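Work through the following exercises with the structure open beside the text. Each one sets a task and is followed by a solution in steps.

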Amino acid sequence: MKKKSLALGLAAGVSAAVLALTGCAGGGSPAPTDGPVASGPAVTVNWGEPENALIPANTNEVNGGLVLNNLFAGLVYYEADGAWAYDAAESIESDDFQHWTIKVKPGQTFSDGSPVNAESFVKAWQWGASDPELLNQWWFIDAVPFDGGTYDGGEDTLSLEVVDDLTFTVDLLRPMADFPLALGYTVFFPLPESFFADPDAFGENPIGNGPYKIAENGWEHGTKLSVVPNETYTGPRVAQNSGVDFIVYASEDAQYADLLSDNLDIMQNVPQSALATFQADLGDRAVYQGNAVFQSFTIQPTLPHFAYDEEGTLRRAAISHAINREEITQVIFEGTRTPAEDFTSPVIAGFDPASIEGSDVLEFDPDKAVALWEQANAISPWSGSFQIAYNADSSHQAWVDATANSIKNVLGIDASGLPYPDFAGLRTEVNARTIPSAFRTGWQFDFPSQSNILGALYVTGAGSNDADYSNPEFDALFEQGVTSATLEEQVEAFNAAQALLFRDLPAIPLWYGATTAGFSTLVDNVEFGWDSWPILYAVTKAAQ
Amino acid sequence: MTWYIVRRILQGIPVFFGSTFIIFAMVFAMPGNPILRMFGDRTPSEAQIAALEAKFHLDQDFFTRYFLYLGDILQGNLGTTYAGQSVNEILARTFPTTLRLALLAIIIQLIIGVLAGLISGLRKGGIFDHATLLITLVLISVPVFVLAFVAQWFFGIELGWVRPTVGQGAPWQDLILPAIVLAALNMAYVVRLTRGSVIETNQMDFVRMAYGKGLSRRRIIPVHILRNSMIPVTTNLAADFGILIVGATVTEAIFNVPGVGNELFKAINRHDMPEIVSIVTILVIVYVFVNLLIDLLYGVLDPRIRYVKK
């Protein structure tokens, strides 16, 4: 009896200690195994020089984003599967999904010692929304409908209010149940007081509140950026290694050569040339998992025969049935893409293509394709050729040609790829609506919610609605989805909205992307998240 | 001589203006708006496009932009990239590395090329001559990137003799393999040129005279034959310099050398006007300068060539 009660007492003591630990480490999310910060060599990861100064409101590409994500702690962070958990926030609450109250965890500091409080967030967001030159300004307008956010910007336009040292409120224009989920993105990171004195200098040497800080003289431009653990960080993402070196590479082949010889620990993208062999080369050090990238091609309704009328809808469906997605993903991509089943992504919560009406339009069915095409010809005879435009500065030619060939062989029409020299050239014509053909489109999710892609691409008048799709029924269902209190309700509304997309096909879904990566023999606990980024704080590296 | 140098440098001025203008016009003519590229698949709002175009002067006409750029250059400012980095800093960071790589390549191709050419020229028709003929034939016909990948895989990964890519700070030992790859093509030409030239010189009267006078081969070969055979090789070297820089762009990418070729490639992808124009202009100036140096070298090799005031 005595023994048992002793054991119980011990267990109670342990769980109290665990509670205390998680209490200070994060809002109920599992804390990583704590311990002294590892010594030994830094983990190396491939990188490229960021295109802009390292300022959260002006960083929208992966290289700058990856570093900022490790230098800063937002209100929430994303776990590997895209679920969110509190990082710097203690609570984010609302009764109506429109008026939010956010409490910041007490006792946090930036790596320069200044406090992280409600002001740090409010001032940073006001600054980010103030200037149309900032690449992430749209987050305060399109991605999250902040009350007061406009593209013209201006000082303190957002309706944010500091209640006390650690509490502030946010007003949105309309309810958004996903609001906390969006807050993990770079643009919502807090900024210390020192930022506002000289943003440019800050961009060269950012001071954050995250698991890492930049090492002294750590940024050698064009060569590498070194970060070391930030010992003032108390959140759930405590670094398990002695630091990370982001190494600048010019080509993926060079990275792969270094990975094979253990000169590079983590490689985020296997080069095209090694796709067929990397799993054999690396064995269980190869990473191959789905990611939040959706690939498609879009047909603008101004293209002759492809308006959103009976003929156009028949032709769009015929073309979709004529594409052998299974074969193209196997042959061209070595199985590193998976055929699309809906308009979102399998790694985003709510993925459920089987229950969407009309999703069978993505099945390869030559007979049906021909039948639909003939029906359309009865309305207005086909003439001309079907082309898919792509930018030739990236490896798109192979799959575009294969897709065009598939269409050509099934429908017996003239179909081909239409190369543009570079991405800027392609987007300029798309944006001006002067592009004379269908064109490749893709979407990488900004935050892990179906509302991100559906809202940005297909809602009437949305910024990236390249297909000029406008359907009040769709807009209403989308609105219903974003204001749903639970994921189940949201998925129900979004699935009904997607059924309309399958009927009208503003874009033809092709396939989902995958993260193809690898790591060296020197590191362990390497995991890649839903956003294709390695989870660097968890990586351990043995001393050599 | 001094007058000649001054005149040549003055000739560089119109070359400078001409090249900046032409390159500027070419970049200007590239289709597409670089602002749209910055946003990826997302379409920015009109207000954002307008604000960013104003920021980078993209809303101005061609001549305004060209003169804005020239004004900066004359103040020693080569402009800033769209990312806000100073092009001066980028060049200061990357140029020394590329020059070291090019220098190493030139040294390698000169030493091996001239030596091999000399030996096969003196022993025309021998085994060595045939062997070098075969090897140079292979080197000339294989594209530089194939050679680079094979060398990287074989020496860097299979044998593990060197790092497959260039490490931080681009130390000399890491640059040797890329330099050999870069030197390979021109080395083949140097061998061929030296060989032909040596054979020709070897039959000249003054060489036969030297033999007849009883001079040792040890004196005749370097002083009489080699020196007189070097003029075509030197000319070739000047022309090669351009090829070296172009080759460096490919080689630098494969071996991850943080050099100017790498930077130029990325800038073209970004449509980064100030950076492209500045880098190419600097390359043109270097090219002009190297040609001047080579011309002066002729005088050293052959005292009959003199530069005098006309």
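Helices, of at least four residues, and strands, of at least two, are DSSP runs numbered from the N terminus. The model used throughout is a predicted one.

**Exercise 1.** Describe the make-up of chain B, stating how many helices and strands there are and in what order the elements run.

Solution. Begin with the count, which gives 12 helices and 0 strands in chain B. Then read the elements from the N terminus on, and chain B runs α-α-α-α-α-α-α-α-α-α-α-α. Finally, consider the extent: along the principal axes, the C-alpha atoms of chain B fill a box of roughly 85 × 60 × 30 Å.

**Exercise 2.** Check whether the length of helix 5 of chain B agrees with its number of residues, and find where this helix bends.

Solution. Helix 5 of chain B covers residues 87–122, which makes 36 residues. The expected span is 1.5 Å times one less than the number of residues, so helix 5 of chain B should span 52 Å, and the 50 Å between its end C-alpha atoms agrees with this.

**Exercise 3.** Describe how helix 5 of chain B packs against helix 8 of chain B.

Solution. Take the geometry to start with: helix 5 of chain B and helix 8 of chain B (residues 172–202) pack at an angle of about 35°, and their axes are 6 Å apart. The crossing of these two helices is right-handed. Sorted by class, their contact has 23 nonpolar, 8 polar and 2 charged residues.

**Exercise 4.** Decide how helix 7 and helix 10 of chain B are oriented to each other, and name residues that meet between them.

Solution. Helix 7 (residues 144–158) and helix 10 (residues 217–255) of chain B pack at about 25°, with axes 10 Å apart. Angles under 35 degrees count as roughly parallel, and therefore helix 7 and helix 10 of chain B are roughly parallel to each other. Their crossing is right-handed. Among the residues that meet are Phe145(B) and Phe149(B) of helix 7 and Val250(B) and Ile254(B) of helix 10. By class, this contact has 7 nonpolar, 3 polar and no charged residues.

**Exercise 5.** Work out what chain A brings to its contact with chain B.

Solution. The contact takes 39 residues from chain A and 39 residues from chain B. On the side of chain A, helix 7 (252–260), helix 13 (423–431) and strand 16 (438–444) each supply at least two residues, and helix 13 of chain A gives the most, with 6 residues. By class, that side of chain A has 14 nonpolar, 15 polar and 10 charged residues.

How values were computed
Residues are numbered from 1 along each chain as its sequence is written. Chains are lettered from A and ligands numbered from 1 in the order in which they are written. This is a predicted model: local features need pLDDT of at least 70, side-chain atom pairs count only at pLDDT 80 or more; totals for chains, interfaces and linings use all residues. Axes are lines fitted to C-alpha atoms, for helices over the stretch in contact, and angles run from 0 to 180 degrees between N-to-C directions. Angles under 35 degrees count as roughly parallel, over 145 as roughly antiparallel, 65 to 115 as roughly perpendicular and the rest as oblique. A crossing is left-handed if the near helix is turned anticlockwise from the far one by less than a right angle, and right-handed if clockwise. Two residues are in contact if their C-beta atoms, placed from the backbone, lie within 7 Å. Ala, Val, Leu, Ile, Met, Phe, Trp, Tyr, Cys and Pro count as nonpolar, Asp, Glu, Lys and Arg as charged, and the others, Gly among them, as polar. The bend at a residue is the angle between axes fitted to the seven residues ending there and the seven starting there.
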